[in-house]
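Please read the points below with the structure open beside them. They are meant for someone who has not seen this chain before.

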Amino acid sequence: QTGGYFFSMMAPDDGERVESPDGRRAAFALEPPNKRAAMAVDTLGPVPPGALFGLGSRDVLERSIGPEYDAVSGPTFSPDSRRLAYAARNGGLWRAVIDGQEGLPAEEVRGIRFSPDSKRAGYIIKESGRERMVVDESKGRAFDAVGWLRFSPDSRGVGYTARTGAKWRAMIDDSEQAESDF
């Protein structure tokens with residue numbers, strides 16, 4: 001316990017504790033005694049010679065704790081390790097929190113992803129039972145379901161899959177490219 005927070009360290013495999021690509025920071029959810037949650041980010045020291053790699057074998061040089069929410073989940077770092085995003089819920093609404101800035105309110109937020117150049121971010125929201133892709137805080141079209149977002153290698157284009165009824169379609173930059181019954 002540190003500063004009134006109980007640390008809820010999850011194994012890296014379950015997606016709730018992640019290290020930045022450069023290995024210098026780790027993000028994870030904190031569960032304080034009053035049932036409010038916050039995202040914590042540790043600045044990590046080097047891995048000691050001969051130690052097994054992992055947070056337990058590294059010194060925490062600095063810890064920052066973000067704002068409190070009812071729940072936080074899904075931390076992800078940008079490819080350059082400088083940006084952090086996660087989903088946060090207050091009341092019944094979720095928001096993507098990117099670099100400390102809250103995004104659009106929604107029933108659900110998932111699939112937060114950064115572009116390869118780390119300058120853009122996107123995620124999927126659910127509102128009124130329909131899903132939309134949100135890229136750079138701009139909402140795309142509404143569908144029954146939306147698949148995972150992918151940025152082009154140059155970070156300019158955005159692709160995803162979307163379903164209306166039984167028809168799935170490939171979407172590129174919010175324009176329909178192909179349709180399938182699979």
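How many bridges join S6 to S7? Five bridges join these two strands, which run antiparallel. The coordinates belong to a predicted model, in which local features need pLDDT of at least 70 and side-chain atom pairs count only at pLDDT 80 or more, while totals for chains, interfaces and linings use all residues. Residues are numbered from 1 along each chain as its sequence is written, and side-chain values use heavy atoms, with hydrogens and water left out.

1. The open sheet. Strands here are DSSP runs of E with at least two residues, numbered from the N terminus, and two strands are taken to pair if DSSP finds at least two bridges between them. On that basis four strands form an open sheet in the order S6-S7-S8-S9, with antiparallel pairing. The edge strands are S6 and S9, each of which pairs on one side only.

2. From S6 to S7. Within this pair, Phe77 has Leu84 of S7 as its bridge partner. The loop between strand S6 (71-77) and strand S7 (84-90) contains Ser81, a residue that has a positive phi of about 70 degrees although it is not a glycine. Ser81 is also buried, with a relative accessible area of 5%, where buried means under 20% relative accessible area, exposed means over 50% and partly exposed lies in between, using a 1.4 Å probe and protein chains only.

3. From S7 to S8. These strands pair in the antiparallel sense over six bridges, and Ala85 stands opposite Ile98 in S8. Their hairpin has two residues between the strands, and Gly91 takes a positive phi near 60 degrees there.

4. From S8 to S9. Two bridges join this antiparallel pair, and Ile98 has Gln101 as its bridge partner in S9. The hairpin again deserves a look at its turn: two residues lie between S8 and S9, and Asp99 takes a positive phi near 55 degrees. Asp99, which is not a glycine, sits in the loop between strand S8 (93-98) and strand S9 (101-102), and at 38% relative accessibility it counts as partly exposed.

5. From S11 to S13. Strand S11 (residues 121-127) is joined by six bridges to strand S12 (residues 130-135), and the two run antiparallel. Lys126 has Glu131 in S12 as its bridge partner, and Glu131 stands opposite Phe143 in S13. S12 pairs in the antiparallel sense with strand S13 (residues 138-143) over four bridges. The hairpin of S11 and S12 has two residues between the strands, with Ser128 in the turn at a positive phi of about 55 degrees; the hairpin of S12 and S13 has two residues between its strands, with Asp136 in the turn at a positive phi of about 55 degrees.

6. A charged patch. Asp22, Asp80, Asp117 and Asp154 form a negative surface patch. Among the members, Asp22 lies in the loop between strand S2 (17-19) and strand S3 (25-31), and at 41% relative accessibility Asp22 counts as partly exposed.

Methods
Patches are made of residues with over 30% relative accessible area and no salt bridge: like charges are joined within 9 Å, nonpolar side chains (Val, Leu, Ile, Met, Phe, Trp, Tyr) within 5 Å. Accessible areas come from the Shrake-Rupley method with a 1.4 Å probe; for residues, only the protein chains shown count as cover. A salt bridge is a side-chain nitrogen of Lys or Arg within 4 Å of a carboxyl oxygen of Asp or Glu. Lys and Arg count as positive and Asp and Glu as negative; His and the chain ends are not counted. The place of a charge is taken as NZ of Lys, CZ of Arg, CG of Asp or CD of Glu.
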